[in-house]
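I wanted a plain record of what I looked up in this entry, starting from the packing and ending with the backbone. My notes follow.

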Amino acid sequence: MAQLVADQVPPHEPSGGHGHADAEHAANPYLAHHFDTPKHQFDSGKLGIWIFLITEILFFGGLFCAYAIYRSLHPDIFVYAHYYLDTFWGALNTGVLILSSLTAAWAVRNAQLGEQKKLIFNIVATIALAFCFLGVKYVEYSHKFHEGTLPGRYFNPTHEVWELESYQKAHGQHGSATAAEGHAAAGHEAAEPAGHAAPAGGEAKQPPPGAPVRPRNVGVFFSIYFCMTGLHGIHVVAGIITWGWLLRRAIRGEFGPAHFGAVDYAALYWHLVDLIWIYLFPLLYLIH
Amino acid sequence: MTSPSATADVLTAPAESDSDSYLTHDKGILSWLLTLDHKRIGVMYLMCVMGAFLLGGVFALLLRTELLTPGRTIVEHDTYNQLFTLHGAVMVFLVIIPGIPAALGNFVLPLQLGAKDVAFPRLNLASWYLWVIGATFLLVSLVTNAADTGWTFYTPYSTTTTTSVIPALFGAFILGFSSIFTGLNFITTMHKLRPPGMTWFRMPLFLWALYSTAVIQVLATPVLAITLLMLIVERFIGIGIFDPALGGDPVLFQHFFWFYSHPAVYIMIVPAFGVVSEIFPTFSRKRIFGYKFIALSSVAIAILGFLVWGHHMFVSGQSVVAATIFSGITFLIAIPTAIKVFNWITTMYKGRIHLDTPMLYALFFLWVFSIGGLTGIFLGVMSLDVHLHDTYFVVAHFHYVMMGGSITAFLAGTHYWWPKMFGRTYNEKWGRIACGLLFVGLNLTFFPQFILGTRGMPRRYYNYLEEFQGLHQLSTIGAYLMGVAFVITAIYLLGSLRKPMDAPANPWGSNTLEWRTPSPPAYYNFHNPPEVVEGPYEYADWVYDKRTRGYQRKASHDS
């Protein structure tokens, strides 16, 4: 039986060798010493990034689980609170992220084909779209801070749900639009003490007939909203940093048909960030 | 192909390679802090883990000293709460979880596999730095009004106490990522860097154990990360996710926490199974019995471990149906665990057993872990658990598993691989004495706690009834004995580093690949990818050589 062969550094070689793949390593400065071929290195990286994406799914999984539990326990809160979210901005951001996934995938193609200028263009476009997403998110967040639709105990909205355009659209109550202005004649008081939370007009507003009663603990919806979109936003920022680093390397001309792994891995990550948003959008904005 | 005899000559000539081992390849502190070499990262982990163990051990001795008498002995009750919290957090997050996988695993895995390094050396170094940063945050909590929540951080106490919980949570959060990246690295390495002939079923069982552990690290730890993050936000601004007054649910925290922390006990114990699976066949000079069963039972434990978290919550108000299912799956875990134990015993049967220090620790493990494992079954019985929940019985159970299982196997592995890591042998006589002392100390510390628990002594209590004092004092004496054993161990292990390198390439006659490089290994591990043609537990060709005080391969065989 020949057991194990040639598994150690010959004593006369000065400083440990790179072994049989010397030529391969000399030709490719990006090939790490412990991989045999560029494909070997690329495949390992690909497996690594997929495992990382699995951990990301589980990381968000905790929040999706919390969402599922609280939505099943308090469906009324979720139906009530979703009117405070503006579907327009959510849909716009969905479009922005899908477009950025396209430019990211395109950048991978450019790197594989060695199309230097297109690669730089597509990375820049991905970064620009990511900033666009964060810009929209800023508009949405600042609106919520302004309107008092905040998490947990900070939930103190300046408008009742029946005053919101989104609610009126969904329920076709054009009549209540005037009521929402606060000029309607005094009607019967709603059972819920909603008035204290409405300092906007300086006078107590009257809910129209049939207006929904605010459930307890609406803030829990916004806790979940801010946690999920906030964590997602942090991932977008991490993506921007990653793409910025790749842009720098692309400008230096580091990527080409023999070496495009990093762009591929970043794009995979970016697609996952996009995919998570594609789930967040209907779960948070499109509740019925 | 090199002829076997030539290979054997090279193998038995460690002196020639001393000029360029991984320890001497580069010099200076920066060559360590910026190293990408898995062996050096493993050694850095080992030193850090031992430092953290000293810290956690001092906390433990302070706790036991406080419990010598009912009421105040040396510290106030608030300090006591902080001490047991930090003892738990340090031992779990800084010592046991990284102990075998990150410290021993980092060093051994690529060598046993026949690879030059792990798949992502930079990520590997980053994991170590994350460990250091996470540990720093735990220390920040320690010096700024240390957390007093217990290592489990249960809400609502953790969101209302005035102690500095957030640094401790943040530290655990970062340590989680350290653990995730180590697991990610190991899985990729074992999939992609196996040399020719190293099939899955020729991998040493330590690698199977590390693989199963890595799967748990990758799948469970992110859930802990998000849970701790939610708890930080909850405590920081009060979003109400875990606060019933705001529509949240504190039991959800317990579910999330144990969804990680039960699999995490397998992150702690499965690598220990791997270590002793190497030691039993080597020191019995006999092929391992039931290789595939041991290998696959690690995987089975990894999978089943995800489905039992509810057995920590029998009294937390979960449904009886859920509790019954959790209880049933908990019993199932005993099957793969018992398969391992029986296979180890059968491996020793009719073997030529050598009672060197690593083997003594492995036998110690077998004895003590079995007690810990079996008492786990008691606690999985719902009716009994209602009685024993949160008593010293639970404390004794998991210390038998964590201390008697994980730490003992960590010591077994450290003694087993120490000559390979540093090229020095340690004092065998003192090794055996310390092992024996530790065995007596451990049983003396924790066995009385089983009795205390069944008699109703609750865990985490500062004060206790007079009638418990005798058993508490026995327990404390045991803890001091263990302290002495660890001091002896530290002295002879660290003392060995001052000697000249004297370790043979293969002091134990093991047949796994790490013993085919010199001690300490060369910088690049292997010149060429080794070609593997047989399983890892074939000892017939290894014979003891008095001249080198190590084993050498008979060169007569050829195919």
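**Cores.** I started with the largest nonpolar core, which has 229 residues. A nonpolar core here is a set of buried Ala, Val, Leu, Ile, Met, Phe, Trp, Tyr and Cys residues joined through C-beta atoms within 7 Å. Buried means 20 or more other C-beta atoms within 10 Å of the residue's own, exposed means 12 or fewer, and partly exposed is in between, with C-beta atoms placed from the backbone. The residues with the most contacts inside this core are Val276(B), Ala362(B), Phe365(B) and Ala412(B). I then listed the partners of Ala412(B), leaving aside neighbours within four places in sequence: Val275(B), Val276(B), Ile279(B), Pro358(B), Tyr361(B), Ala362(B) and Phe365(B). Contact means C-beta atoms, placed from the backbone, within 7 Å.

**Basis.** I noted that this is a predicted model, in which local features need pLDDT of at least 70 and side-chain atom pairs count only at pLDDT 80 or more, while totals for chains, interfaces and linings use all residues. Residues are numbered from 1 along each chain as its sequence is written, and chains are lettered from A and ligands numbered from 1 in the order in which they are written.

**Chain A.** I found nine helices and zero strands in chain A; helices (H or I, at least four residues) and strands (E, at least two) are DSSP runs numbered from the N terminus. Of its 288 residues, 37% count as buried. Among contacts in chain A between residues at least 6 apart in sequence, 72% join residues at least 24 apart. Chain A is divided into domain 1 (58-155 + 219-288) and domain 2 (156-182 + 195-208), with bounds from an automatic or database domain assignment. Nine residues of domain 1 of chain A are in contact with eight of domain 2 of chain A. On the domain 1 side I counted five nonpolar, two polar and two charged residues. For these classes, Ala, Val, Leu, Ile, Met, Phe, Trp, Tyr, Cys and Pro are nonpolar, Asp, Glu, Lys and Arg charged, and the others, Gly among them, polar.

**Chain B domains.** I read four domains in chain B: domain 1 (38-156 + 165-179), domain 2 (204-354), domain 3 (378-496) and domain 4 (505-559). The centres of domains 1 and 2 of chain B, taken over C-alpha atoms, are 19 Å apart.

**Helix H17(B).** I checked the residues of H17(B) for burial, and the buried ones include His472(B), Met482(B), Phe486(B) and Leu493(B). What covers the buried residues includes helices H4 (38-66), H15 (392-422) and H16 (428-454) of chain B.

**Backbone.** I found a cis peptide bond from Thr155(B) to Pro156(B), with omega near 0 degrees. Another cis bond joins Ser519(B) and Pro520(B), with omega about -10 degrees. Asn145(B) has phi near 55 degrees, a positive value in a residue other than glycine; Asn145(B) counts as partly exposed, with 15 C-beta neighbours inside 10 Å. Phi of Phe153(B) is also near 55 degrees, but Phe153(B) is buried, with 22 other C-beta atoms within 10 Å.

Note on methods:
Two residues are in contact if their C-beta atoms, placed from the backbone, lie within 7 Å.
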